[in-house]
Amino acid sequence: MQLPVVPELRVREVVRAAETYGLSSPELAGAAALGAIALVASLWLVVRWIRRPMGAKLKRALAKRDEVAILMHPNPDPDAMACAIGVAHLASEVGTDASLQFAGQIRHQQNRAFRTVLDLDFEQIDHVRELACEEVVLVDHNTPRGFEEAERLEPYAVVDHHPGNGTGERFTDQRTDYGACATIVAEYLEDVGGTPVAPDDDPGDVDGMTVPPEISTGLLYGVQSDTKHLTNGCTGAEFEAAAYLYEGVDEDLLDRIANPQVSAEVLEVKSRAISQRDVRGSFAVSDVGRVNNVDAIPQAADELLQLEGVTAVVVYGRRDETVHVSGRSRDDRVHMGKALETVADDVPGASAGGHARMGGGQVPVDGAVYANGGEAAMWSQAELADDVFAALNGDV
């Protein structure tokens, strides 16, 4: 169908008509001009609102609540603890009280040193009722876990760099390409104009929001610890965050956190992992037996990966009635998190997962019964090495 032809108006004629109308009715012309200005200003404000940085969005979300509970993942590491104190500092800037909580324990010597050296006030919880308030901010994880009735919790906000489907009711920022969650929180502080203050500087000399040395130091170590000192899993954002935080870092605090004393058991577990290793091709698996400190297991995995010719390792040991598993990979053929998840799928009650380069899991020994050819059979820890090798080789 042919469209009707619209008479063509020349630009000059339109301009001339507008000028004539404006001269004959200046009041209406002025009102029209003001309306146009208001419209442009409104559109600019809308665009600016939509394009606000994530730090400003979280700050606004925190400002809407009188108090929040900042919840770290179970057995928090420096990255999780750094995120918690960073978000708490942001909350304090808007007058929101923040309680820092976690499930499980803080056991690794560097984790304990992080908490002690920075003099952090954390509260351990075992049940959802023990949360400080209803509005919970999850940092460094996106699904509540590790305490009774965790599944009942609906987070108010989520800040994370791990994969998963968890979201916050009011705010969600999940960047799975980032090497550390502390990088995200450092960006938040920069987004809202935070200035890192050196240990010897006077905060009163800074206009606007300041970032104390303890916060800068904690965030920098959080970035370092989750990226093996900026050598593994980094993006450009990690280096930018480190540069931003650098001016406020307390080198003495950083050294004390990074170089704590190591217990004799950790050294013994590392020794057993090396001496009792089972190497097949470029993969190594080691059973370190019974342990009291399960945090020695991932440290042993880190040590074992340094062996020449080894590209992926899994170390496991038993504490009470649970086998704790930790894996490391620098082999592009092995996604460690998925490999361990495959192993755990065959054992009821077991759980595992992680990233391509790093993974972990737990296998409950007590009552771990599964169907084998139609007959019930007890899971055997002795079979774990073969299962792990099969998963690393993709023979599943």
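Reader: Leaving aside its neighbours within four places in sequence, with which residues is Leu 219 in contact?

Author: Please keep in mind that this is a predicted model. Beyond the neighbours within four places in sequence, Leu 219 is in contact with Ala 82, Cys 83, Ala 182, Val 185, Ala 186, Leu 189 and Leu 245.

Reader: Which residues have the most contacts inside the largest nonpolar core?

Author: They are Ile 70, Met 72, Phe 122 and Leu 219, in a core of 56 residues. Helix α4, residues 78-92, gives the most to this core, namely ten residues. There is also a second, separate core of 23 residues, which includes Val 285, Tyr 316, Val 347 and Phe 389.

Reader: Phe 389 brings me to helix α13. Which of the residues of α13 are buried?

Author: In α13, which spans residues 384-392, the buried ones are Leu 384, Ala 385, Val 388, Phe 389, Ala 391 and Leu 392. Around the axis they cover an arc of only 160 degrees, so they are on the same side of α13. As a general point, an α-helix has 3.6 residues a turn, so residues three or four places apart point the same way.

Reader: And what covers the buried residues of α13?

Author: The cover includes the strands β9 (277-280), β10 (283-290), β11 (312-319) and β12 (322-329), together with helix α12 (336-345). Helix α13 lies across β9, β10, β11 and β12, and runs at about 155 degrees to β10. Just after α13, Gly 394 has a positive phi of about 80 degrees.

Reader: What is the order of the strands in the open sheet?

Author: The sheet has six strands in the order β9-β10-β11-β12-β14-β13, and the pairing is mixed. The edges are formed by β9 and β13 (351-354); each has a single partner strand, so one side of each has no neighbour in the sheet. On average, and with direction ignored, neighbouring strands of this sheet are turned by 15 degrees against each other.

Reader: How many bridges join β13 to β14?

Author: Four bridges join β13 to β14, residues 358-364, and the two strands run antiparallel. A hairpin connects β13 to β14 through three residues. Within this pairing, Gly 354 stands opposite Gly 359, and Gly 353 stands opposite Gly 360.

Reader: Over how many bridges do β12 and β14 pair?

Author: They pair over seven bridges, in the antiparallel sense. Arg 328 stands opposite Met 358 of β14.

Reader: Let me turn to Met 336. Is it buried or exposed?

Author: Met 336 has 0% relative accessibility and therefore counts as buried. Met 336 lies in helix α12. Apart from neighbours within four places in sequence, its contacts include Ala 312, Val 313, Val 314, Arg 328, Met 358, Gly 359 and Leu 392.

Reader: How far apart are Met 336 and Val 314 in sequence and in space?

Author: They are 22 residues apart in sequence, and their C-alpha atoms are 8.9 Å apart in space.

Reader: A last topic: how many aromatic pairs does the structure hold?

Author: The structure holds two aromatic pairs. In one, the ring centres of Phe 114 and Tyr 221 are 6.4 Å apart and the planes are at 40 degrees, so the pair is tilted. Phe 114 is in helix α5 (residues 109-117) and Tyr 221 in helix α7 (residues 213-226), 107 residues apart, so that the pair links distant parts of the chain. Phe 114 is buried at 0% relative accessibility, and Tyr 221 is buried with a relative accessible area of 1%.

Reader: Why is the pair of Phe 171 and Tyr 188 edge-to-face?

Author: The planes of Phe 171 and Tyr 188 are at 75 degrees, with the ring centres 6.2 Å apart, so the pair is edge-to-face; the cut-off for that class is over 60 degrees. Phe 171 is in strand β6 (residues 171-174) and Tyr 188 in helix α6 (residues 181-191), 17 residues apart. Both Phe 171 and Tyr 188 are buried.

Key
Residues numbered from 1 in each chain as written. Predicted model: local features only at pLDDT ≥ 70, side-chain atom pairs only at ≥ 80, totals over all residues. Heavy atoms only, no water. Buried < 20%, exposed > 50% of the residue type's maximum accessible area, 1.4 Å probe, protein only. Arc of directions from axis to C-beta. Contact = heavy atoms within 4.5 Å. Core = buried A, V, L, I, M, F, W, Y, C linked by side-chain atoms within 4.5 Å. Pairing = 2+ DSSP bridges. Axes fitted to C-alpha atoms, helices over the stretch in contact; angles between N-to-C directions. Phe/Tyr/Trp six-rings, centres within 6.5 Å; stacked < 30°, edge-to-face > 60°.
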